[in-house]
Amino acid sequence: MDHAATGQEALARIAAAGDLDSLEKLRVEFLGKQGSISGLLKTLGGMSPEERQAEGPKIHALRESVTLALADRKAALEDAALEARLAAERIDLSLPAPDAPRGSVHPVSQVMDELAEIFADMGFAVATGPEIEDDWHNFTALNMPESHPARAMHDTFYFPDKDAEGRDMLLRTHTSPVQIRSMLAKGAPLRIIAPGRVYRSDSDATHTPMFHQVEGLVIDKGITLGHLKWTLETFLKAFFERDDIVLRLRPSYFPFTEPSVEVDVGFRLENGRRVLGGSGDAAGHGWMELLGSGMVNRKVIEFGGLDPDEWQGFAFGVGVDRLAMLKYGMDDLRAFFDGDVRWLQHYGFGALDQPTLSAGVGAVA
């Protein structure tokens, strides 16, 4: 058999192939399982040793030359197709870039950043503490006696084990223990906020077993309720980005403050949504309880290692999740922790929506 003529014919047909589909058909015709060159390789098994020694190198050389020719032609056709595509296509640089999948910042995280930005401008530092607390820091040091209702099992998540000092261990019910730890560690004067997760055995549309609080503490000399009211007014005006926030302070009771005041804020209803602003006594307005506060109890100052005859202070606490609901229009606290991607896409924030006092802490969700 004239292998040279067969090779020349195959190479000529490969070189003449005008597209990749035609080239693929030639590859199957020559090198496929039923291809002509594959058939020649199969005939080697029926030859005598002498014939196989004479014909084998020729057939293998034929297969190699055809294989190389197919690869070279394929590369040439692909290059030609790419050149033609590049010559035909145009990129419109004025078009917006396509949206890429991206995550979102949870509203709670965003509000935490907003709070830190606002209070930092007023000279407050951010303080943190453990979420697994001992009974002394969570209750006793905050002037809560053994009989206080907050110690009951239906309100507090207790652990079965005690710490090395024999104290009950629990999931903190508020971030107030951070105030005690900060006074013991840093002394006075002191100006901190303590944001973080807290835990209570409660669950409905406005309560969840885990939620977020931010508490503030100021310890200094000559502190009065006037300082407390100014701080809360300044904070709420900056947070809600309104100058018409009006507060009403009502006498109340908390074991860790004396005197204690509940803070109400004026609001009105717009399309079923509470919008803060204006006096609650104005026509069409009302008062809404927002947070608790007061002057730090003398016993709490003592537990913090300070002399209450020398140092005074005020404290306040508010739910971060509730602030987010009021500002951004959510109506069910449980949705904050469901992990529904659709909810996060609607209410979440972009990674670059960083709150600043100059640009506005309330980036639009």
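Reader: Hi! What kind of model is this?

Author: This is a predicted model, where local features need pLDDT of at least 70 and side-chain atom pairs count only at pLDDT 80 or more, while totals for chains, interfaces and linings use all residues. Residues are numbered from 1 along each chain as its sequence is written, and side-chain values use heavy atoms, with hydrogens and water left out.

Reader: Thanks! Which residues of helix 8 are buried?

Author: L228, T231, L232, F235, L236, F239 and F240. Buried means under 20% relative accessible area, exposed over 50%, and partly exposed in between, with a 1.4 Å probe and protein chains only. Helices (H or I, at least four residues) and strands (E, at least two) are DSSP runs, numbered from the N terminus.

Reader: And where do they sit around helix 8?

Author: On the same side, because they cover an arc of only 135° around the axis; the arc is that of the directions from the helix axis to the C-beta atoms.

Reader: Nice. What follows helix 8?

Author: E241, with a positive phi near 55°.

Reader: Switching to strands: which ones pair with strand 6?

Author: Strand 5 (residues 190–199) pairs with strand 6 in the antiparallel sense over ten bridges, and strand 11 (residues 312–319) pairs with strand 6, also antiparallel, over eight bridges. Two strands pair if DSSP finds at least two bridges between them. A194 stands opposite E215, while V214 has V318 as its bridge partner.

Reader: How many residues of strand 6 are buried?

Author: Nine of the eleven in strand 6 (residues 210–220).

Reader: Now charges. How many salt bridges are there?

Author: The count comes to 19, where a salt bridge is a side-chain nitrogen of Lys or Arg within 4 Å of a carboxyl oxygen of Asp or Glu. One of them joins E114 and K327, at 2.9 Å from N to O. E114 is in helix 5 (residues 107–121) and K327 in helix 10 (residues 320–328), 213 residues apart.

Reader: Are E114 and K327 buried or exposed?

Author: Both E114 and K327 are buried.

Reader: What about R197 and E131?

Author: Their side chains meet in a salt bridge at 3.1 Å, N to O. R197 lies in strand 5 and E131 in the loop between strand 1 (125–126) and strand 2, so the pair ties together parts that are 66 residues apart in sequence. R197 is partly exposed, with a relative accessible area of 37%, and E131 is partly exposed at 25%.
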